[in-house]
Amino acid sequence: MTTTKPTSSTRTETGYRPGPDGLLLEVDDLHVEFHTEEGVAHAINGVNFDLRAGETLAILGESGSGKSVTAQAIMGILDMPPARIPKGEIRYCGQNLLTMPEDQRRRTRGPEISMIFQDALSSLNPVFPVGWQIAEMFRKHRGTNKSDAQANAIRLMERVQIPGAKDRVKAYPHQFSGGMRQRIMIAMAIALDPAVLIADEPTTALDVTVQAQIMNLLAELQEERQMGLILITHDLGVVADVADRIAVMYAGRIMERADVYELYAKPAHPYTLGLLESIPRLDQKGQELAAIGGLPPNLLRLPQGCEFHPRCRFAQDVCRADRPELREVAPGRLSACHFAQEVLHRG
Ligand code: SF4
């Protein structure tokens with residue numbers, strides 16, 4: 001985990017300058033909906049967070065909680081329609097990406113904000129050598145000549161620890177293992193030295209040893225380049241060692257936001273508590289894991305009141321009537337729960 005936070009940094013090369021204390025990204029009251037034949041699916045319902053240079057924010061939640069849609073909205077790669085952003089702002093270095101002309105926004109993808117996708121095999125082009133695909137980033141965005149672009153590709157492959165990079169630069173994606181393909185995706189994502197890197201479930205398809213290697217590599221690169229890293233995952237275990245802060249999402253809203261240590265030590269939302277209780281622990285070998293009962297809500301028909309109430313063991317009448325706002329419940333702790341204090345200070 002990184003602890004170094006630059007107080008100021010500039011990106012004069014591209015013209016974007018982070019705000020005070022390295023502030024890069026601000027997501028403000030973001031709403032995203034999908035217009036389907038069955039009705040309007042409310043995928044994101046007022047999400048707020050920010051990200052600074054050198055910081056890792058983990059966005060955590062079950063599938064369908066809205067974390068990947070949030071990432072796609074930041075990248076500007078949502079299919080619109082059926083998606084629509086009726087409300088909210090996404091500011092990068094103070095400029096609202098949502099109102100930026102498309103050609104200007106396109107130029108932010110790669111050099112400013114970049115993304116690693118879950119499935120490297122379907123994200124890499126199977127008919128081009130991996131080195132060519134990395135080199136293309138330099139040719140396309142920087143006009144680098146062919147031999148320099150290839151040399152850069154080899155350097156990046158070496159940096160992401162692809163053994164024998166020089167000999168494998170002309171190999172095709174199917175000639176690499178899943179872990180190596182994910183490293184190639186990382187090389188492509190960092191090629192243009194982005195200020196913000198979004199990693200969407202970057203280790204889901206990998207075994208645990210390779211998962212740990214990829215997470216360590218991301219943490220190293222983030223510290224070395226002082227990127228702001230958004231790590232999207234459904235797995236609390238994966239982020240413990242690398243995240244600075246965690247935002248827990250459910251039904252398109254942030255239910256809890258906290259420093260990673262505080263959230264692990266004392267969750268302030270029943271959903272976070274449920275996620276933590278479902279992590280296998282060595283000191284509880286042989287005991288049954290506590291899973292959160294029930295299913296995530298249908299985004300076409302969100303329950304009245306707190307979205308989590310049908311699955312919540314702390315639910316009271318007020319929870320079925322009133323939707324709790326995300327509010328500060330302790331210094332630096334935000335929770336969207338009527339009974340956050342009780343959950344936080346439970347025995
Ligand atoms: Fe559970 Fe009520 Fe808190 Fe929602 S508001 S998480 S239902 S206790």
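A residue is called buried when its relative accessible area is under 20%, exposed when the area is over 50%, and partly exposed in between (1.4 Å probe, protein chains only). The structure is a predicted model, in which local features need pLDDT of at least 70, side-chain atom pairs count only at pLDDT 80 or more, and totals for chains, interfaces and linings use all residues. Residues are numbered from 1 along each chain as its sequence is written, and side-chain values use heavy atoms, leaving out hydrogens and water.

**Exercise 1.** Decide whether Glu112 is buried or exposed, and find what its side chain touches.

Step 1. Locate Glu112: it sits in the loop between helix H2 (102-108) and strand E6 (113-116). Helices (H or I, at least four residues) and strands (E, at least two) are DSSP runs, numbered from the N terminus.

Step 2. The relative accessible area of Glu112 is 1%, so the residue is buried.

Step 3. The side chain of Glu112 makes a polar contact with the side chain of Tyr92, at 2.4 Å. A polar contact is a pair of N or O atoms within 3.5 Å; within protein, one must be able to donate a hydrogen and the other to accept it, and residues adjacent in sequence count only if both atoms are side-chain atoms.

**Exercise 2.** Explain why helix H1 is described as largely enclosed by the rest of the structure.

Step 1. Helix H1 covers residues 67-75.

Step 2. Its buried residues are Lys67, Val69, Thr70, Ala71, Ala73, Ile74 and Met75.

Step 3. Since 7 of the 9 residues are buried, H1 is largely enclosed by the rest of the structure.

Step 4. Just after H1, Gly76 has a positive phi of about 75 degrees.

**Exercise 3.** State how many helices and strands the protein chain has, and what fraction of its residues is buried.

Step 1. The protein chain contains 13 helices and 12 strands.

Step 2. Of its 347 residues, 51% count as buried.

Step 3. Along the principal axes, the C-alpha atoms fill a box of roughly 65 × 50 × 45 Å.
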